[in-house]
Amino acid sequence: MSVVYYSTRSKGEPISASQAILKGLSDDGGLFVPSRIPELDVSLQELSKMDYPGVAYEVMKLYLSDFTEEELKNCIKNAYDEKFDTREIAPIVKTKDAYFLELFHGATIAFKDMALSILPHLMTTAARKNNIQNEIVILTATSGDTGKAALAGFADVEGTRIIVFYPKNGVSPIQEKQMVTQKGKNTYVVGIHGNFDDAQTGVKNIFSDKALAETMDQKGFQFSSANSINIGRLVPQICYYVYAYVKLLEKGEIEEGEKINVVVPTGNFGNILAAFYAKNMGLPIGKLICASNENKVLYDFFDTGIYDKNRKFVLTSSPSMDILISSNLERLIYYIAGNDADKTKELMSLLSGQGKYEITPKMKENLKDFYGNYASEEKTAAAIKDVYFDNDYIMDTHTAVAYSVYKEYKETTGDTTKTIIASTASPFKFTRSVMNAIDKKYETLGDFELVDELSKLGQIKVPNAIEEIRTAPVVHNNQCDAADMKATVEKYLGL
Ligand SMILES: *Cc1c(COP(=O)(O)O)cnc(C)c1O
């Protein structure tokens, strides 16, 4: 039986993969989940002989069951091409104690490119398959990296517009510059006076506004999402875990069937959820290690079974993980509740009402594949410095959070299983924090001077994504209050 999609919050009629991608979020506010997690139907040995697009096809075909082989292969071919600076797409770097899976070789040098370079192709294919005449308006909240990757993916894509909301004071200078210099006549970028959670909640409210949806439809528009709530984001992210495993196998680093651990620096819980899917598809993964920064709501959740967002929001040096409401955790909640939509709905309404819920002991038992911990700002900086001096390898701040948690995990558990660390951004995106961690003497330099120093120190060429924005003119200069996001959307669309 092929995979169809249900909401996490009600057992209504299922919809197809292409419809789930178009809708983004279910009408009841739930997230779409596949009717079952499919098993890999090609052996790991066979997969190990394939390139990235080959592996991606074998994984994605199992989820996107109403796409034809030709449609899906076309989407994959158009996504994983010269936009990436290496044919490997997601290369693995071996250091003394871990394998870094570098997911930042795409157009905007963060792991968001892994999914957002294919999402526009999946979306336009899905629109064609479902005879959609409306223009699709992609509405996106970003903690810094999704925004640019989505803008780059959707810029000037026919039949689409994209509106990005980011926290005005909550992203790195390079991240902001990347977004506000974005070209494309269908692109809109707005800094909001609030944090990422405000942006994400605003976007979710706009999505579930039925009256607005009707007005939109009359004017020939409909919304969709480029956030990781969209399964069109999640499914492409499963592929690189499978790819990483089979490449380690191909290189003789592991034996077939040998379990590996995976460490993921986590914010919205999308990337680590993709690893959870990979494990449940039959990929030999041991522990899923969830690394948070000082916004450690997930660590506390794994520790106590209580999710509580009522706490101070901390601005850290890993801004893409400055999140207190991890949207994708809802999908995990659904699974650990035994695919129980009523229970999920109950807990999610507690979250939106009181900002807090507690899972049952039985549900907590189902979390045993996960280990959660967090890294303070000091530990994150120390990790960058240590790994640079020990391995001559420069990590970005998010990857450093993961590395720090990994070290702590190893020390406290004694587990020596081979481990992949998801390396989610290029250090060039967070130059100031990275260089200051290595040596305080850099503190006085400007943003682009730091870029050049980093290039010298790491003997890495400055990525094109950075060269492009050095002199690019600012073309978006919009701000609004979080409460005015809907009005801003209406203004842009002329509603
Ligand atoms: C988005 C992001 C994360 C967090 O990923 P989630 O899927 O939201 O958990 C981590 N690191 C970087 C660099 C990111 O851009």
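I89 sits in the loop between helix 4 (69-79) and strand 3 (92-94). The model is predicted. I89 has a positive phi of about 65 degrees, although it is not a glycine. Most residues other than glycine have a negative phi. I89 is also buried, with a relative accessible area of 3%.

Q459 is another non-glycine residue with a positive phi, here about 50 degrees. Q459 lies in the loop between helix 20 and helix 21. Is Q459 buried or exposed? At 73% relative accessibility, Q459 counts as exposed.

Helix 22 itself covers residues 485-493. Its buried residues are M485, T488, V489, Y492 and L493. Why do they lie on the same side of helix 22? They cover an arc of only 125 degrees around the axis, so they share one side of helix 22. An α-helix has 3.6 residues a turn, so residues three or four places apart point the same way.

Next comes the largest pocket. It holds about 1100 Å³ of space. How many residues line the largest pocket? The lining has 46 residues, and G106, A107, T108, I109 and A465 lie nearest the centre. Several elements give two or more residues to this lining: helix 5 (112-116), helix 6 (119-129), helix 7 (145-154), helix 20 (447-458) and helix 21 (464-470). By type, the lining residues divide into 22 nonpolar, 14 polar and ten charged.

N271 belongs to helix 12 (residues 270-280). Which residues does N271 touch, beyond those up to four places away in sequence? They are L103, F111, Q237, Y240, Y241, V264, A422 and T424. N271 is buried, with a relative accessible area of 5%.

Now the cysteines. The count of disulfides is zero. Take C75 as a case. The closest cysteine sulfur to that of C75 is in C239, 12 Å away, so the two are too far apart for a bond. A disulfide needs the sulfur atoms within 2.5 Å. C75 is buried, and C480 is buried too.

The table gathers the accessibility values.

| Residue | Relative accessibility | Class |
|---|---|---|
| C75 | 2% | buried |
| I89 | 3% | buried |
| N271 | 5% | buried |
| C480 | 8% | buried |
| Q459 | 73% | exposed |

Key: Residues numbered from 1 in each chain as written. Predicted model: local features only at pLDDT ≥ 70, side-chain atom pairs only at ≥ 80, totals over all residues. Heavy atoms only, no water. Helix = DSSP H or I, 4+ residues; strand = E, 2+ residues; numbered from the N terminus. Buried < 20%, exposed > 50% of the residue type's maximum accessible area, 1.4 Å probe, protein only. Contact = heavy atoms within 4.5 Å. 1 Å grid on protein atoms, 1.4 Å probe; cavity = no way out; pocket = protein on both sides within 12 Å on 5 of 7 lines; lining within 4 Å. Points joined across faces, edges and corners; volume = space filled by probe spheres on them. Nonpolar A, V, L, I, M, F, W, Y, C, P; charged D, E, K, R; others polar. Arc of directions from axis to C-beta.
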